[in-house]
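Morning, everyone. Please look at the next model with me for a couple of minutes.

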Amino acid sequence: SSLRQASLGDMDDGGGGSRPKAGSAEAVVSFTTSLPEQYRVPEDELVVPSSLARYGLSEVVNKLLGLETPVPFDFLVDGLFLRGSIIQYLESRNLSSEKLLKLEYVLALSEPEQAQVDEAPDWISSVVALEGLPTEWFAATSYDGTVRVYEGTETRLTARLSDGPLVGLAALPSGAGGSHLAAPSKDGSVRCCALRYGAATSIGPISGLRGPSGSRAAAATAISEDGTLIAGAGWDNEVLVWNADTSSVFIPEDGSAPGTKRKAVGSAGDSAPPKFVLPGHSQVVTCLHFGKQSRFPFTLLSGSWDCSVRVWDIAAASCVANWAVARAVTSFTVSPGSPSQLATSHEDGHVSLWDIRAAPHATVPGAEALDASAALSLGSAQVPHRRLASQVAWCPQDSNLLASVGHDGRLCLLDPRSPKMPLQCSSVGKTGPCPTKLLCVAWLGRDALVVGGSDGRVVRIAVGTGSSGEAVEKAR
């Protein structure tokens, strides 16, 4: 094997203190890691076969560690994952085999474990966590007009919000055991309600928000961080923003807001008019996101099939940036940490990562100003899906981990440090020439997420790092 060709005894410099030298089929490497002590090896310079790739290098590290049970590792060079052999890396950069290659190793991902949570009679359009991560509580909307609330793998509530299909969902925690929900419907409204969950799970009266233009289908919604604004958009190409007054929008379950009555499903015609309407997109608006006050204050971002992401100043009710992204946008997600990045998913299966170039905010310390001077710079683009990429979601607990799902039935785990290919891909649901279309994904924790699709199934996925010989074999 590759490991036997590079026996550790052959790597000894004989005590003379000279630097190891590589032959034509060898390379000089050293290993480093930030993993716990039990996974650390001496950072000595070693001569190994240059044909080694991830699997062979993982064997070398396991040999140095002397572990009884092999552990699979992945390797980074200059901050990027090694995808290919050492010699391929050196040749692609015109480097000599005698140049010391510093390899950082991390635990590789293990095979995801899937568990079906529920099966609805229609497509699952959106899934969201109901509180800060990690959490067992999440909700899903369906084309049958219902929202379903789950704790772990148990269904805690099913409630009809609309007579039309629900195509999305936004949730904002409103205190211990509570969330505000907003769901866009194909009947042109955004359905809103207050949710209580825990020992007893229930929702308050359902309210509906509509724009002045009538009934073209809604496609996206978002709730501001402080819960005072709701944004909605869809096939009329406009972004609408409403005041989220709890006396008429997020009504408590007991109807305690003064003068309130429970509204019947379908009674969305008497809603208050939008605070303002933001025209500008030329095609359907598919995704919305309010900037956090500590990071992108007073901003709303929107993505559209017109191949753009726009930034709106919600104080001035105007567009301050129009970023061209070359492809129709099906979703976007913002990185949880610095540097600020944006990931977009597209109709041709692409997922693109963009660096956000913005100056410091003039009045909010530590924040960035998304204004006319801000710009997007393409960091990387890859094609993890063979069909439309439905959604991409950044893990709120890890700046180096994203998930994407697509109409090819695949769930892909991505890392900015692996710019050309996913870390891992797995099929969920039916495979073959007509696979299950995965439509949505949400993180429930660093090692857990949930997906939904055209088969009506809500599936919980456990991801993590491998620690078995089987996982090492799969890293080959």
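First, the ground rules. This is a predicted model: local features need pLDDT of at least 70, side-chain atom pairs count only at pLDDT 80 or more, and totals for chains, interfaces and linings use all residues. Residues are numbered from 1 along each chain as its sequence is written, and side-chain values use heavy atoms, with hydrogens and water left out.

Helices (H or I, at least four residues) and strands (E, at least two) are DSSP runs, numbered from the N terminus. Start with helix 2, residues 54-65. Its 12 residues should span 16 Å at 1.5 Å a residue, and the end C-alpha atoms are 16 Å apart, so the two agree. The expected span is 1.5 Å times one less than the number of residues. Among its buried residues are Y55, L57, V61 and L65. Buried means under 20% relative accessible area, with a 1.4 Å probe and protein chains only. After the helix comes G66, with a positive phi near 70°.

Last, strand 20, residues 285-290. Five of its six residues are buried. Five bridges join strand 20 to strand 21, residues 299-304, antiparallel. F290 stands opposite L300.

Methods:
Buried means under 20% relative accessible area, exposed over 50%, partly exposed in between (1.4 Å probe, protein chains only). Two strands pair if DSSP finds at least two bridges between them.
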